[in-house]
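Please look over the model below before reading on. My notes follow as numbered points.

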Amino acid sequence: MKRPSAVMLCAAALLAWTGAQAQELKFATQNPKGHPLVTGMERFAEIVAAKSGGKMKVNLFPGGVLGSDQANVSALQGGTLDMVVLNSGILASQAKEFGVFDFPFMFANPKEADAVVDGPFGKMMHDKLLAHGIVGLAYWELGFRDITNSRRPITKVDDIAGLKLRVIPNAINVDWVKALGANPTPLPFPEVYAALDQKAIDGQENPPTVISANKFYEVQKYLVMSNHQYNPQSLIFSKKVWDTLSPASQKILSEAAVEAGKYQRQVSRDAAGGALETLKKNGMQVTELAPAELAKFREAMKPVIAKHSEIVGADVVNALQAELAKVRK
């Protein structure tokens, strides 16, 4: 019998070694390919592949193909899904303190948001997820949310009253829509387009990049630049899976999450103006609220913020306000 050559033995050993070391990870989001979040995911996968020398591969599942955010979080906690990027406020279902990220008019601009989430406050919040089987790696962004509908242009706050608006399925978003006299309809994101198309709802609210990427302009006529809420995005990882990884692999993923996040935020901000132009070109009528109307909007939100400050906890709200005060000096 012919003995295998040294080269053959080395190749077999290398194959066995790389096979043992290879790790494939599943990474999900609700937004479709082409959206800045998915562009960030693609960059993350590239960085992980490069830093790991190809021993770690990140497979992307955009467009809600693995289900709603809530289903993804459940799968992540169970260890059947490795990673998700989603609105930080949605995690209030796991840790009530995360409701603070959905407070209307909390951040005045992206710079404020970056300083808060990248600092000790953001770390403190992600640390609260560990007890729920979730590891928070970094904060990315969705951006400032605006309201669309198919019934009428919105030039004053009172125009919002009576509209049936889809909201992210959590309590604070239901409450702020009610405070404007509108009818909130909580829906998982993958169901929104069909609900708009079938007139089951009148409108929804999201940043222009989301509205454009998901072609909501096909089923929505009016957009008001309300900028009523800023959404940080939490890039989260299954603790069940995380605990099986080597410290070196954990370091690669942590660093890649932050590095890709900086890139993703810039892509998001660069894309915002272009997305708005796309919406206009596709027939959406864009309006803005006068300063007096914006002040009225903010005033209507005060009871909502007061109610949810009690739910979130004064310590968390005070910590956030203290961080904002430092940034605004």
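1. Helices H2 and H10 are roughly antiparallel to each other, a label that applies to angles over 145 degrees. H2 covers residues 36–51 and H10 residues 247–281; they pack at about 150 degrees, with axes 8 Å apart. Axes are lines fitted to C-alpha atoms, for helices over the stretch in contact, and angles run from 0 to 180 degrees between N-to-C directions. Helices are DSSP runs of H or I with at least four residues, strands are E runs of at least two, and numbering starts at the N terminus.

2. On the H2 side, the contact (heavy atoms within 4.5 Å) includes Phe-44 and Ile-47. On the H10 side, Leu-253 and Ala-257 are among the residues involved. The contact residues split into 13 nonpolar, 4 polar and 4 charged. Here Ala, Val, Leu, Ile, Met, Phe, Trp, Tyr, Cys and Pro count as nonpolar, Asp, Glu, Lys and Arg as charged, and the others, Gly among them, as polar.

3. A caution on the basis: this is a predicted model, where local features need pLDDT of at least 70 and side-chain atom pairs pLDDT 80 or more, while totals for chains, interfaces and linings use all residues. Residues are numbered from 1 along each chain as its sequence is written, and side-chain values use heavy atoms, without hydrogens and water.

4. The largest nonpolar core has 51 residues. Such a core is a set of buried Ala, Val, Leu, Ile, Met, Phe, Trp, Tyr and Cys residues joined through side-chain atoms within 4.5 Å. Val-100, Ile-236 and Phe-297 have the most contacts inside it. A second, separate core of 43 residues includes Leu-25, Phe-27, Ile-47 and Leu-276.

5. Met-83 lies in strand S3 (residues 83–87). Met-83 is buried, at 0% relative accessible area; the cut-off is under 20%, with a 1.4 Å probe and protein chains only. Beyond four places in sequence, Met-83 touches residues including Phe-27, Phe-44, Leu-137 and Ile-236.

6. Leu-137 belongs to strand S4 (residues 134–149). Leu-137 is buried too, at 12% relative accessibility. Its partners beyond four places in sequence include Met-83, His-126, Leu-253 and Ala-257. Leu-137 and Ser-234 are 97 residues apart in sequence, yet 7.5 Å apart in space, C-alpha to C-alpha.

7. What does His-126 touch, beyond four places in sequence? Phe-98, Gly-136, Leu-137, Ala-138, Tyr-139 and Ser-234. His-126 sits in helix H5 (residues 120–127) and counts as buried at 6% relative accessibility.

Key. Parallel < 35°, antiparallel > 145°, perpendicular 65-115°, else oblique. Buried < 20%, exposed > 50% of the residue type's maximum accessible area, 1.4 Å probe, protein only.
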